[in-house]
Amino acid sequence: MIVTNNQIITLEDVLAAKEQLAAIQAELRSLHGATVISITINMPGQIKYTAETVALLYYAVNEMRQLVLAAHLTLCEERVLHLLTGPVAVLAVQGHAAELKEAGMRVEQMTKFGRLLDIDVFNSEGRQMSRSASGTSSRNCFVCSGLAVECMREQRHSRQEVLAAAQDMILEFKAAQTEHWPAPVLLIGNTALEAILMEAACTPAPGLVDRFNSGAHRDMDFFTFIQSSSAINFSLYRCAFAGWRHNRPLAELLPVLRRIGSDAERAMMKAT
């Protein structure tokens, strides 16, 4: 059994969800005579339906929508299902199934967290397009770089390892969603950067970096302080946005901020 949002999901629920999804795919093929794209979240563990998996699904829908529009194809219809077994999206597109399968694989592969996405493509006759048909190998394991089917068959990783890898991908996804900001977030980020620069401009500042000396710092002067501060301004906006959109317990925000902070540290080291 699987527990989702405090609800017990039985095998019957899983089978019913599969039947419902298959029925909608068949309905869209019948209505539009089109290629059908099915997007599901491959989330291991007991919890399948969360705010994060829903957000990830909508991310994937938007990415596929943009690729469809960029290829000048017609998006006939899209439906999103909020099922107990996890969120699902189904799109009907007038286009070659093989090309749309390639587009789906690009979405799956262009980010680390794309490994959590399963984007299946069916032609207008209902035949599923395979990865092997396009010369692409099976998908990699959640934990290592090996093939998933081999790791599963040989049971190379514990359940805890797989769950930890999936949660790390969710953190990567949440951190990646902090890159486009509303006006209040820009104000917070600008103010934070201004405060950092004002600190260095205050002179004299005994023991600290100021305009005239490095204080107790042997590895920094006024100019490297300015360089490192400028290098992390993007991350300051991301931190502000992460807090701006967070509506869960604060402890759940800290891992996201740590991920953004790691990116900031690499940018600062590169700049200095």
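Two strands are taken to pair if DSSP finds at least two bridges between them. In this predicted model, strand 3 (residues 35–41) and strand 5 (residues 86–94) meet that condition, pairing in the antiparallel sense over six bridges. Within this pairing, the bridge partner of I37 in strand 5 is L91.

Both strands belong to an open sheet of four strands, ordered 4-5-3-6 with antiparallel pairing. Strand 4 (74–83) and strand 6 (117–122) each have a single partner strand and stand at the edges, so one side of each is left without a neighbour in the sheet. From one strand to the next, the twist averages 15°. Helix 1 (residues 11–32) packs on the sheet, where it touches strand 3, strand 4, strand 5 and strand 6. The direction of helix 1 makes about 165° with that of strand 4.

| Core | Residues | Members include |
|---|---|---|
| Largest nonpolar core | 30 residues | I37, I39, L56, M64, L116 and L117 |

Helix 2 gives the most, with seven residues.

Not counting residues up to four places away in sequence, L117 touches T40, I41, L56, Y59, A60, V107, E108 and R139.

Key
Residues numbered from 1 in each chain as written. Predicted model: local features only at pLDDT ≥ 70, side-chain atom pairs only at ≥ 80, totals over all residues. Heavy atoms only, no water. Helix = DSSP H or I, 4+ residues; strand = E, 2+ residues; numbered from the N terminus. Axes fitted to C-alpha atoms, helices over the stretch in contact; angles between N-to-C directions. Contact = heavy atoms within 4.5 Å. Core = buried A, V, L, I, M, F, W, Y, C linked by side-chain atoms within 4.5 Å. Buried < 20%, exposed > 50% of the residue type's maximum accessible area, 1.4 Å probe, protein only.
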